[in-house]
Amino acid sequence: MCTGRVDLAFILRAYSNGADGVFIGGCWLGECHYVTEGNYDALFNMHLGRKLLQEIGIEPQRLRLEWIAASEGIRYAEVMNDFGKQLKTFGPLGKGEGLAPDILKLKLEALSNLIPYIKLVERERLRVRFDQQEKYDEYFASRDFKRLFDELIVDRLVRVQIQLLLAKKPLTTAELAVTLGLSPATAARHLKQSTMQGLVRFDTAQQCYALA
Amino acid sequence: MASNSVELLAADHSVDRNRGDVLIVGGGISGIQASLDLANSGFRVFLVDKSPSIGGKMSLLDKTFPTNDCSMCIESPKFIECSRHPNIEIITYTEVERVSGEAGNFTVSLIKKPRYIIEDKCTGCNICVDYCPVKIPDPFNQGLSANKSVHIYFSQAEPLVTYIDPETCLYLQEGKCQICVGACKTNAIDLHQQPEPFELEVGAILLAPGFDIFNPKLRGDYGYGRMKNVVTSLEFERILCSTGPYEGEIQRPSDLAHPQRIAWIQCVGSRQVIPGGNSYCSAVCCTYTQKQVILSKDHYPDLAATIFHNDIRAYGKDFERFYQRAEKLDDVRFIRSYVTIGREIPENNNVTIRYATFAEGVKEEEFDLVVLSVGLNPPADAVKLANICGIELNDQGFCKIDPANPIATTRQGIFVSGAFQGPMDIPESVVTASGADALCGQLLSYRRNKLSRERLYPPERDVSQEELKIGVVVCHCGANIGRVVNIPEVIEYAATLKNVSWAGENLFACSTENAQQITNQIKDKGLNRVVLAACTPRTHEPLFRDTCREAGINQYFFEFANIREHCAWVHSKDKENATQKAKDIIRMSVARAAHLQPLQEFELPVNKVALVVGGGLAGMTSALNMAAQGFEVYLIEQAADLGGMARRIHYTLNGMSVQAQLHDLVRKVYRQPSIHVLTEASIQDVDGYIGNFVTSVSTAGRVRQIAHGIAIIATGAAEHRPTEYLYGSDERVLTQLELEGEIVAQNPRIAAAESLVMIQCVGCREEGRNYCSRVCCGQALKNALKLKKLNPAIDIHILFRDMRSYGFKEDFYRAAAELDVKFIRFEPEHKPVVTAAGDKLNIKVPDLVLGQMLELEADLVALSAAVVPAESTHELAKLFKVSTNPDGFFQEAHVKLRPVDFASDGVFMCGTAHYPKHLDETISQALGAAGRAVGILAGDSVTASGAVCDVNEEACISCGACITSCSYNAITFIDTPKGKKARVEAVLCKGDGLCNAKCPTGAIYLKHYTDDEIFAQIDGAIPDYAETHSH
């Protein structure tokens, strides 16, 4: 099994279970034990994972990827000690970020639900392959990436959260806006879009939104 | 030895117990590898060792260079493989007495020394050891710690039974005691055992007795034997080892204090012409010392290490980087100086060493511990063995071999592998072992599969209707785990986990006896999943999967929880938390085990045809051997003629007539009807997998498809074309190969030359090509000696960085010096400068001895140019989907134990495509590759893993994400009534699982690593989160 097998879903599952950090250890770039060089995929996934975590308000550095060869036991211990220290400064997951437990749960659930979609757009629109590790940093920090990310993922992520909330009970625009920390106008825009897509409906009797 | 209930005779062979195909003398790593290779090629093997256990010198080592793998961890699985192999009979504590007969029909008389233990009855429980009143210095730990008169040789010994030291046993000496007899619960002790003579009939004999270490005590070298804190490198190896006398704490013998300043003295007993010394270089000491330095610094970063050395001979693959790694560590000094021991300081037993440097002159320095890097001697009983076997020894006391066939002795039917050929390291011992398999196979191919047996497993129990019954076994790993993790507490905890129906412990789960116990537990308790909390699946998973099979459950019901590397070793100072972590790891494994599915490995037919790529010395040697063993071979050469680089080599240091040998080989290849030679051929495409490759080869504009079962890549290497030292602009500057060509062609300018300067390490051991080309020092010596012979008056200077005339080549270095060839060392920062000066060349180089610039004049300059990977290497790597190392040579599957295998099954390598090497080494390796390849060709089928991908077609949305992610082309679309669906060709799948992470619907899944299994493990990591964080 290769680091490239590490699914975004695994990472999110760990956070959903309350893990304060997730560490991925892989073979050095260029030293693939298969011929697949899946560690580049792992590197891409790590960056994407960090962007997604950031988007739901989780400290992105809670996800860490390091290259460690089988013979580098000492390095592994050092890296893990360092990561442990780093995680302590972040505090417990959610609490450190100032996210209420139910909101944290909601956001992680929304993100998990979105994974099949993310995999599709990752392949179609986001995927890149570079030789050098730094190029990945540049790409994920670039405007191009931000534009694509915003366009493809950000709005959808909010709408999934809206759907998850509405699945529990109907809510008004204002209630949704407060819960998700959105401006009423943004919340209204998402609700309008979701209504047009037939995902939610406005319940005129109760003056609130519900799942379609 | 544990009797093996499932080992049955196949077919109707009425095998005489004392008849076999090959007798192997020496159960070290070379003998072990040869046994396995032969046994897997359809021969019945007797593996005889005079020690109480197989393992040899490798079992004494802490780690192995240059990867620093734990030596025992990589060797002991092979003990078990041997002991479980139906075609290998291990006979320990036994010596060969007489050999009669001839090749194909030897009768060997042996004597089994009395162990005073009935091997079949002993369980290795160690109770007799506890009761034995006699303490003796432990022979395995080099006498540095105590053991009992009755003891097990070492804790992973095979067979894992005790033996009694007759010299110290009170009963055997004085007729008193017998306490052990009363203590033994199985009546395994027999103090009246007598030497037991017996005879074996075999077709061939392989001598793999290894080496003995140089004993510095005989001459009292460097105070050894007089001063307590002077130890041999082998003793230090034990000191470093966690199963050693100080349990892995580096302590010194005098007061058990941690030494802060350790000195290593190189070449002890080696490179000496004085009486009692060995004239040759022992070939391994430089690198094992660097390993010991790195390991010592790992233990104690503050420790100061000083290495007093002569040349640093980092000539092997990845050795140069390893040397640099050691050298760059803080407080590590490599000092090039001869030394003498000063004195032992009475108050603290510290030892002083006197040495000299150019900068500071003579100094005397104090050290807490001195390690003597002792060399390799021929085995102590080499002469006796040679007489018994009727073979000759060389002047150095090692086995006499023909460089054109380094694995054959002077007697037909008797072969030699490992360090009995001469000093060599582990990979070479393994390669020559596989080579010996090839030669035995060639000799005995007519009787292949006649005496061999197969392992039969009991039918697999269908557990699909059973409720989950997980068994957890926690291994002490001797003290490795047991002294850190509270094992009883962990077992108690494991028993409370969901679905666990039994939890127990094991001292060494990997011992044959304990593995058998696990088998019994599975049967007795009706277990249907097994979690073993022990070491690493990297080395031990195959064994325990087998254990499950023998108990009648699917082998994929086995799950490893690594509480050694991932827990005990890293948290040895925090026992409480380590115990907690062990529980966490086990809980995760148990959670995963509950989801494990039975998987079937499948048998694939083998196309018994070999493809050899490269028609040089290596390729032809492999091809001829495989053909002689009865297999069809296609030999592909890109040039118009066979021969490769060897066509440019005419003579060698060890007296090979290369061209005669080469012509003979080419003739044999063309005459061998089962070898099909394709010259001016190039490979277009490689399809398929082990047992069933199809390769498209283009020759003369025609492309043909060759179906084959295995491939050997022997594409060689090239000589670097230098860009420095006026090469290319001044015709008087030439490479060593060009020089050799001109010498042989009797070019007049060679005869006329009055002076010649050779420059070593041109284009290597530097930025961009950070490796040693291994052959150039030998080449330089060879050409220098030849020139001196042609014209004794010629003035030759060799400008070098380190003379790497390893092994027996050292004698030629000395011979050259005696003929007044001048050796001048330079540092890479101050390379020689060559300029044209009229009809001469002028060479300037700083003289490190005199501290001034030396100016030389020469008629010719010969450059020892680097050996570089062949141009085709990269392309071939892609075609065969195999990897190369950072230097561009092909990368073997495991540096130590699989030196000619690629990680991709069914593909092998040999010759300089692997790394630069001399012709005799190339021949050995070519035979080794042939031996490994025949191991596959000789069988009718190969087994493919069950842990591969499969597709749930219902969920597949035909997006193709998996197909684009697979580098093995294992996934294709097939048309189904419901549209295109992905399908996996299981034998091509390597189980990396990349496709899983790309599939949006989870349709493709990697068996044994499914989402369910991994999610269960993740959920198991923090089980109580849900309770403590309920919202």
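What follows is a walk through a structure with chains A and B, starting with chain A and ending at some local details of chain B.

This is a predicted model, in which local features need pLDDT of at least 70, side-chain atom pairs count only at pLDDT 80 or more, and totals for chains, interfaces and linings use all residues. Residues are numbered from 1 along each chain as its sequence is written, while chains are lettered from A and ligands numbered from 1 in the order in which they are written.

Let's begin with chain A. Its secondary structure comes to nine helices and four strands; here helices (H or I, at least four residues) and strands (E, at least two) are DSSP runs, numbered from the N terminus. Go along the sequence and you read α-β-α-β-α-α-α-α-α-α-α-β-β. Taken along the principal axes, the C-alpha atoms of chain A fill a box of roughly 65 × 35 × 30 Å. Of its 212 residues, 32% count as buried. For that label, a residue needs 20 or more other C-beta atoms within 10 Å of its own; with 12 or fewer it is exposed, and in between it is partly exposed, the C-beta atoms being placed from the backbone. As for contacts in chain A between residues at least 6 apart in sequence, 64% join residues at least 24 apart. Two residues are in contact if their C-beta atoms, placed from the backbone, lie within 7 Å.

Chain A is split into domain 1 (3–168) and domain 2 (169–212), with bounds that come from an automatic or database domain assignment. The C-alpha centres of these two domains of chain A lie 29 Å apart. Where they touch, domain 1 of chain A puts in ten residues and domain 2 of chain A puts in 15. On the domain 1 side of chain A, the residues touching domain 2 divide into five nonpolar, two polar and three charged. In this scheme Ala, Val, Leu, Ile, Met, Phe, Trp, Tyr, Cys and Pro count as nonpolar, Asp, Glu, Lys and Arg as charged, and the others, Gly among them, as polar.

Now for a helix pair in chain A. Helix H7 (residues 143–168) and helix H9 (residues 184–196) of chain A pack at an angle of about 80°, with their axes 10 Å apart. That makes H7(A) roughly perpendicular to H9(A). The axes are lines fitted to C-alpha atoms, for helices over the stretch in contact, and angles run from 0 to 180 degrees between N-to-C directions; angles under 35 degrees count as roughly parallel, over 145 as roughly antiparallel, 65 to 115 as roughly perpendicular and the rest as oblique. H7(A) makes the contact with Asp155(A), Val158(A), Arg159(A) and Ile162(A), and H9(A) with His190(A), Leu191(A), Gln193(A) and Ser194(A). By class, that is three nonpolar, three polar and two charged residues.

Next, how does chain A meet chain B, and how many residues does each give? The contact takes 28 residues from chain A and 31 from chain B. On the chain A side, the elements giving two or more residues are helices H1 (8–16), H2 (38–55), H3 (73–90), H4 (101–113) and H5 (115–126) of chain A. H5(A) gives the most, with four residues. This side of chain A has 13 nonpolar, seven polar and eight charged residues.

Over in chain B, three strands form an open antiparallel sheet in the order E42-E43-E44. Its edge strands, each pairing on one side only, are E42 (833–837) and E44 (852–858) of chain B. Strands pair if DSSP finds at least two bridges between them; five bridges join E42(B) to E43 (residues 840–847) of chain B. Among the partners, Thr835(B) is bridged to Asn842(B) in E43(B). The twist averages 25° from one strand to the next.

Most residues other than glycine have a negative phi, and most peptide bonds are trans. The bond from Phe65(B) to Pro66(B), however, is cis, with omega near -5°, and another cis bond joins Glu158(B) and Pro159(B), with omega about 0°. Ala700(B) has a positive phi of about 45° and is exposed, with 8 other C-beta atoms within 10 Å. Cys761(B) also has a positive phi, near 55°, but is buried, with 24 other C-beta atoms within 10 Å. Ala700(B) lies in the loop between strands E34 (692–699) and E35 (702–708) of chain B, whereas Cys761(B) is in strand E39 (residues 755–762) of chain B.
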